[in-house]
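Visitor: Could you walk me through this model and tell me what lies behind the words used for it?
Guide: Gladly; let us look at it together.

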Amino acid sequence: MNLKRIFGAILTLLGISGLIYTAVLFSRTSGSNQDVRTLIIYGVLGILFFASGISLVRTTKDES
């Protein structure tokens, strides 16, 4: 059981869910400053988690 791979998968799933949540918020937004800030925050966090999770999964060697 490789802990880094599991953590990478969790980060990837968090990133995907953050990006989906951003898309849902984007479809419901009216364009105010608060809405735009919320979209940017969730979008950046989603991209950050997704990229770090994929990177962790790809660079961790399989030591079974």
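Guide: Let us start with a term: contact means heavy atoms within 4.5 Å. Leaving aside neighbours within four places in sequence, T60 is in contact with N2, K4 and R5. This is a predicted model, in which local features need pLDDT of at least 70, side-chain atom pairs count only at pLDDT 80 or more, and totals for chains, interfaces and linings use all residues. Residues are numbered from 1 along each chain as its sequence is written, and side-chain values use heavy atoms, with hydrogens and water left out.

Visitor: Why is T60 called buried?
Guide: Buried means under 20% relative accessible area, exposed means over 50%, and partly exposed is in between (1.4 Å probe, protein chains only). T60 has a relative accessible area of 11%, so T60 is buried.

Visitor: What makes the pair of T60 and L56 a polar contact?
Guide: A polar atom of the T60 side chain lies 2.5 Å from the backbone oxygen of L56. A polar contact is a pair of N or O atoms within 3.5 Å; within protein, one must be able to donate a hydrogen and the other to accept it, and residues adjacent in sequence count only if both atoms are side-chain atoms. The 2.5 Å here falls within that 3.5 Å limit.

Visitor: Why is I10 called partly exposed?
Guide: I10, also in helix α1, has 43% relative accessibility, and therefore counts as partly exposed.

Visitor: What makes Y21 and Y42 an edge-to-face pair?
Guide: The structure holds 1 aromatic pair. Y21 and Y42 are 5.1 Å apart centre to centre, with 85 degrees between the planes. Rings of Phe, Tyr and Trp (its six-membered ring) pair if their centres lie within 6.5 Å; planes under 30 degrees apart count as stacked, over 60 as edge-to-face and the rest as tilted.

Technical notes. Helices (H or I, at least four residues) and strands (E, at least two) are DSSP runs, numbered from the N terminus.
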